[in-house]
Amino acid sequence: QLFIGSEGTLGVITGVSLALPKLPSSVQLAYLAVDSYESVLTVYKEARGHLAEILSAVEFLDDQALDLTLEHLHGARNPLESRAPFYMLIEVSGS
């Protein structure tokens with residue numbers, strides 16, 4: 001019994017078990033310019049299909065969010081030479 005108390009309202013935790021995964025030895029990132037929201041969904045579906053086991057993160061932002069980031073984060077710059085309506089960051093990791 002890990003939790004002792006009065007019907008779960010008050011109690012003392014008597015044991016904890018943590019499962020901490022090993023850090024990956026390799027992490028790769030791709031930052032993509034995407035021309036439409038529909039294309040964002042297509043890229044996401046393709047990434048999930050082809051990179052399922054090693055896909056660790058997918059994020060997207062629009063051009064306005066990039067502008068706000070560049071305006072308020074000192075030293076930040078657009079990593080791409082051209083602008084696009086949307087951007088995606090895809091992270092894969094593995095051993």
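Helices (H or I, at least four residues) and strands (E, at least two) are DSSP runs, numbered from the N terminus. Residues are numbered from 1 along each chain as its sequence is written. This is a predicted model, in which local features need pLDDT of at least 70, side-chain atom pairs count only at pLDDT 80 or more, and totals for chains, interfaces and linings use all residues, while side-chain values use heavy atoms, with hydrogens and water left out.

**The whole chain**

If you colour by pLDDT (the predictor's confidence in each residue, from 0 to 100), the mean for the protein chain is 89, and 87% of its residues reach 70 or more. Confidence is lowest in strand S1 (residues 3-5), at a mean of 57, and highest in helix H1 (residues 37-51), at 97.

**Leucine 80**

Select leucine 80 next, in the loop between helix H2 (63-72) and strand S5 (86-94). Is leucine 80 buried, partly exposed or exposed? Buried means under 20% relative accessible area, exposed over 50%, and partly exposed in between (1.4 Å probe, protein chains only); leucine 80 has a relative accessible area of 25%, so it is partly exposed. Apart from neighbours within four places in sequence, leucine 80 is in contact (heavy atoms within 4.5 Å) with Tyr31, Leu32, Ala33 and Tyr87. From leucine 80 to tyrosine 31 the C-alpha to C-alpha distance is 8.4 Å, although 49 residues separate them in sequence.

**The tyrosine pair**

Now show the side chains of tyrosine 31 and tyrosine 87. Rings of Phe, Tyr and Trp (its six-membered ring) pair if their centres lie within 6.5 Å, and planes under 30 degrees apart count as stacked, over 60 as edge-to-face and the rest as tilted. By this rule the structure has four aromatic pairs. The rings of tyrosine 31 and tyrosine 87 are stacked, because their centres are 5.6 Å apart and their planes lie at 5°. This pair links distant parts of the chain, with tyrosine 31 in strand S3 (residues 26-34) and tyrosine 87 in strand S5, 56 residues apart. Tyrosine 31 is partly exposed at a relative accessible area of 24%, whereas tyrosine 87, at 0%, counts as buried. Elsewhere, select Tyr37, Phe60 and Phe86, which ring pairs link into a cluster.

**Arginine 83 and its partners**

Which residue forms a salt bridge with arginine 83, the closest N and O atoms being 2.6 Å apart? A salt bridge is a side-chain nitrogen of Lys or Arg within 4 Å of a carboxyl oxygen of Asp or Glu, and the partner here is aspartate 63. The two are 20 residues apart, arginine 83 in the loop and aspartate 63 in helix H2. Arginine 83 also meets aspartate 67 in a salt bridge (2.5 Å, N to O), and aspartate 67 lies in helix H2, 16 residues from arginine 83. Through shared partners, the salt bridges join Asp63, Asp67 and Arg83 into one network. Arginine 83 is partly exposed at 44% relative accessibility, as is aspartate 67 at 35%.

**A last stop**

Finally, select isoleucine 13 in strand S2 (residues 11-13), which counts as exposed at 58% relative accessibility. Across the protein chain, buried residues make up 14% of the 95 residues.
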